[in-house]
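Please keep the sequence and the structure in view while reading.

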Amino acid sequence: MKQRLAVIDFETTGITPGPGCRATEIGIVLLEGGQIVDRYQSLMNAGVRVPAMIEQLTGISNAMLRSAPPVAQVMREAADFVGSTPLVAHNASFDSKFWDYELAQLGRSRPQAFACTLLLSRRLLPQAPDHKLGTLTRWAGLPATGRAHRALADAEMAANLLLHLGSTLRQRHGIAPAHELLCKLQKVPAAKVAQFLSATPA
């Protein structure tokens, strides 16, 4: 995958962004030429308490966030780090909501689309036992990147999965995996994936 791409992951206090549910950590991995070329990671303090269940899942505590930089500073840095680079996430419907919400607090919005490795893996790796990020990483023999449910480790796992999906497209279908194609493919019904890929020029 030669194109420059930004793979992101958020840890949050809940599922739906809003005044009482905010991002607590972001991890971003920049891919270029099929390799990780840069990373950004930071905890962020949005002044919202982390529920005990979420703290147990992520290991991110209220004490850790008290000393973290303010959310506005982190999101400005993250948005500047990404710029207009095409975006990728695993379960992008979740991460895109938080990206958009936190950018909106700064009066900013994203110009680019998100490709989703969850949707893509369902279409390209239907034989996998399930399509959770950790399962796919183990099933495909991809590198372990650190503790799951920490943003940078998950972003690196998603980046490695994206490279694996790109190899699958090239080797099995002879297709160069550009971001625009991935965004189209993830919307194709599973029953029509083979037809879509056979009609896609190499």
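Which residues line the largest cavity? In this predicted model, the lining consists of Thr13, Arg22, Ala23, Thr24, Met44, Asn45, Ala46, Gly47, Val48 and Leu65.

**Cavity**

- The structure contains 1 cavity of 30 Å³ or more.
- The space within the largest cavity amounts to about 30 Å³.
- Its lining comprises 5 nonpolar, 4 polar and 1 charged residues.

**Largest pocket**

- Two or more lining residues come from each of strand S1 (5–12), helix H1 (52–58), helix H4 (92–104), helix H6 (133–139) and H7.
- Among these elements, S1 contributes the most to the lining, with 5 residues.
- By class, the pocket lining is made up of 11 nonpolar, 8 polar and 5 charged residues.

**Helix H7 and its contact with H5**

- Helix H7 covers residues 151–173 and helix H5 covers residues 117–124.
- The axes of H5 and H7 approach within 10 Å, crossing at roughly 35°, and the crossing is left-handed.
- On the H5 side, the contact involves Thr117, Leu120, Ser121 and Leu124.
- On the H7 side, the contact is made by Ala158, Leu161, Leu162, Leu165, Thr168, Leu169 and Arg172.
- Sorted by class, the contact of H5 with H7 has 7 nonpolar, 3 polar and 1 charged residues.

**Length and end of H7**

- H7 has 23 residues, so at 1.5 Å a residue a span of 33 Å should result.
- The end C-alpha atoms of H7 lie 32 Å apart, which agrees with that expectation.
- Gly174 follows H7 and has a positive phi, near 65°.

Key
Residues are numbered from 1 along each chain as its sequence is written. This is a predicted model: local features need pLDDT of at least 70, side-chain atom pairs count only at pLDDT 80 or more; totals for chains, interfaces and linings use all residues. Side-chain values use heavy atoms; hydrogens and water are left out. Axes are lines fitted to C-alpha atoms, for helices over the stretch in contact, and angles run from 0 to 180 degrees between N-to-C directions. Helices (H or I, at least four residues) and strands (E, at least two) are DSSP runs, numbered from the N terminus. A crossing is left-handed if the near helix is turned anticlockwise from the far one by less than a right angle, and right-handed if clockwise. Contact means heavy atoms within 4.5 Å. Ala, Val, Leu, Ile, Met, Phe, Trp, Tyr, Cys and Pro count as nonpolar, Asp, Glu, Lys and Arg as charged, and the others, Gly among them, as polar. On a 1 Å grid over the protein atoms alone, a cavity is a set of points where a 1.4 Å probe fits but cannot get out, and a pocket is an open set with protein on both sides within 12 Å along at least five of seven lines; lining residues have an atom within 4 Å of a point. Grid points are joined across faces, edges and corners, and a volume is the space filled by probe spheres set on the points. The expected span of a helix is 1.5 Å times one less than its number of residues.
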